[in-house]
Amino acid sequence: MTPLLSLSRAMLKGFFRDRMAFFFSIVFPLMFLVLFGGIFTNDGASRADIIQVGPVSVLDRAPKELTSYLDESLEITKSSDLKDAVEQVRKGDADAVVSQDGDRLVLRYSQADQVVAATLQGTFQSIIQTANLAATGQPPKFSLRTDQVEDDSLEAIQYYTPGLMGWAIASGATFGAATNLVAWRKNGLLRRLRLAPVPTSSVVVARVAVSIAIALVQAVIFLGVGVAFFGLRLTGSWPMIIPLLICGTLAFMAIGLLAGAVARTEEAAVGIANFVVLPMAFLSGSFFSLDGAPGYVTAVSKVLPLKHLNQGMLDTMVRGEGPSSALVPMAILLGFAIVLTAVASRLFRWDR
C-alpha cells in the first residue's frame, strides 16, 4: 500500500505542478463554462424589436390579455418615417416594421435571422387571428394551456454544464494518459519502474486513481462555479455523476493509452488526442444541442463514449431521472474502457 500511495501522491503533485496540463484540463474548459454562462444566463426571454409606423388598430386597441402577451414578446417603438424604419430593419437595428394599410396589417422583416423571422410571422398571425375572432363577437371555442415539462427553475446553464464538464473530463483523462505514457517511455521512467521493486499493478492503479481524483476536482470546480455564479440547480439523482465520471475517466484513459501506445513523441500523442477528443466534443453535444443535426450526425454520435457520458449526466443532473438512467451509459463507457485497453496493451512497448 505504501508504494501505491507514494506513487499516487507523486503523480498528483506532478499534475498540479505542470501548468500546461492544469490549464488545459481545468482552466481552459472552465473558461467555456463562464463564457456560455455569461451568454445564456438572463432574467427572461429576449423580446423582438418592432417599429410601429402610424396607427395600428390591433396593437393600439388590443385587449388586456393580448397586451400582456405583447409586452412579454415584443419591444414596440413608434415612428412616423416608414423609409427610415425599413432601413433600420435592413441594417439589423430592428427586427421588423409593422404598419396598417386599411384592414391589412403589413409586416416588413429581414430574412437574415430565419428563426426571428419565422417567430415574428407566427406571432403576428396569432395577433390577427385574435383580432378577427374578437370582431365576430363570438367567444372562442378552444383554448390552450401550456406547461413546461421540466422544473420551473430550469435555465440554459443547466444544459451546458454537463456537456462542458464531460468535455473537460475527456480532455484531462485522454491527454494525461497519452502524454504521460510517451514521456515516461522517452525518459526511461517506464523501464526503471519495471525494474523497481514496485508491482506493475501499483503503477497502473496509482495512475487510474490520480486521473479519477483529477476528474472529481474538475466536477467540484464546474458545479461550484455553476451554482455560485450562474444559478445552476442540481436536480434528480445528481450524485450518480460520481460513478459516471469514474466510468468516463476509465474510458478516456483507455483512449489516451491507445494514443500513447502508437505515438513515438509527446507532440504526436497530443496530436492524436486532439484529433479524437475535439471532434468528439462537437459530435457529442458538448457545445450545442444536436436536435437539429442530420440523421447521420446523430447516428455517429451514438457510438461515441462522450455522448453517453454527457447523456448520463444530463439525465441525472437536469432531467430528474432516477439512478437507473445512469446504468446504461456506465455500462457502455466501461465496455469502451475494456476494449480499448485490450487493444492498447497489444500495441504497448516498454521502449521504442
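Is Val276 buried, partly exposed or exposed? Val276 counts as partly exposed, because its relative accessibility is 26%, and buried would require under 20%. The views below are taken from a predicted model, and the last of them returns to this residue.

**View 1. Overview of the predicted chain, with its 14 helices and four strands.** The chain has 352 residues, and 38% of them are buried. Among contacts with a sequence separation of 6 or more, 77% are between residues 24 or more positions apart.

**View 2. The four-stranded sheet, which is open and has the strand order E2-E1-E3-E4.** Its pairing is mixed. Strand E2 (74-79) and strand E4 (104-109) form the edges, and each of these pairs on one side only. From one strand to the next, the twist averages 25°. In general, strands of a sheet pair through backbone hydrogen bonds, in either a parallel or an antiparallel sense.

**View 3. Strand E1 and its two parallel partners, E3 and E2.** Strand E1 covers residues 48-53 and strand E3 covers residues 96-101; the two are joined by three bridges. Ile50 has Ala96 as its bridge partner in E3. On the E2 side, six bridges connect E1 and E2, and the partner of Ile51 there is Thr77. Five of the six residues of E1 are buried, so the strand is largely enclosed by the rest of the structure.

**View 4. Helices H5 and H6 against the sheet.** Helix H5 (residues 82-91) packs on the sheet and touches E1, E3 and E4. The direction of H5 makes about 145° with that of E3. Helix H6 (residues 114-136) lies across E1, E2, E3 and E4. Relative to E4, helix H6 runs at about 170°.

**View 5. The largest nonpolar core, made of 44 residues.** Leu164, Met165, Phe252 and Met313 touch the most other members of this core. At least two core residues come from each of helix H2 (19-40), helix H7 (156-186), helix H9 (200-230), helix H10 (241-262), helix H11 (266-283), helix H13 (305-317) and helix H14 (327-347).

**View 6. Surroundings of Met313, one of the core residues that touch the most other members.** Leaving aside residues up to four places away in sequence, Met313 touches Pro162, Met165 and Gly166, and also Ile241, Leu244, Leu245 and Val318.

**View 7. Helices H10 and H14, whose axes come within 8 Å.** The two axes cross at roughly 20°. Angles under 35 degrees count as roughly parallel, and H10 and H14 are therefore roughly parallel to each other. The crossing of H10 past H14 is left-handed. On the H10 side, the residues that meet H14 include Pro243, Leu244, Cys247, Gly248, Leu250 and Ala251. Those of H14 that meet H10 include Pro329, Met330, Leu333, Leu334, Phe336 and Ala337.

**View 8. Helices H13 and H14, with axes that come within 9 Å.** Here the crossing angle is roughly 155°. That makes H13 roughly antiparallel to H14, because angles over 145 degrees are counted in this way. This crossing is also left-handed. H13 contributes Pro305, His308, Leu309 and Gly312 to the contact, while H14 contributes Pro329, Ile332, Leu333 and Phe336.

**View 9. Ser6 in helix H1 (residues 2-17).** Ser6 is partly exposed, with a relative accessible area of 35%. In sequence, Ser6 and Ser202 are 196 residues apart. In space, their C-alpha atoms are 10.0 Å apart.

**View 10. Val276 in helix H11.** This residue is partly exposed, at 26% relative accessibility. Val276 and Ser171 are 105 residues apart along the chain, and their C-alpha atoms are separated by 9.7 Å.

Key:
Residues numbered from 1 in each chain as written. Predicted model: local features only at pLDDT ≥ 70, side-chain atom pairs only at ≥ 80, totals over all residues. Heavy atoms only, no water. Core = buried A, V, L, I, M, F, W, Y, C linked by side-chain atoms within 4.5 Å. Buried < 20%, exposed > 50% of the residue type's maximum accessible area, 1.4 Å probe, protein only. Contact = heavy atoms within 4.5 Å. Pairing = 2+ DSSP bridges. Axes fitted to C-alpha atoms, helices over the stretch in contact; angles between N-to-C directions. Parallel < 35°, antiparallel > 145°, perpendicular 65-115°, else oblique. Left-handed = near helix turned anticlockwise from the far one by under 90°.
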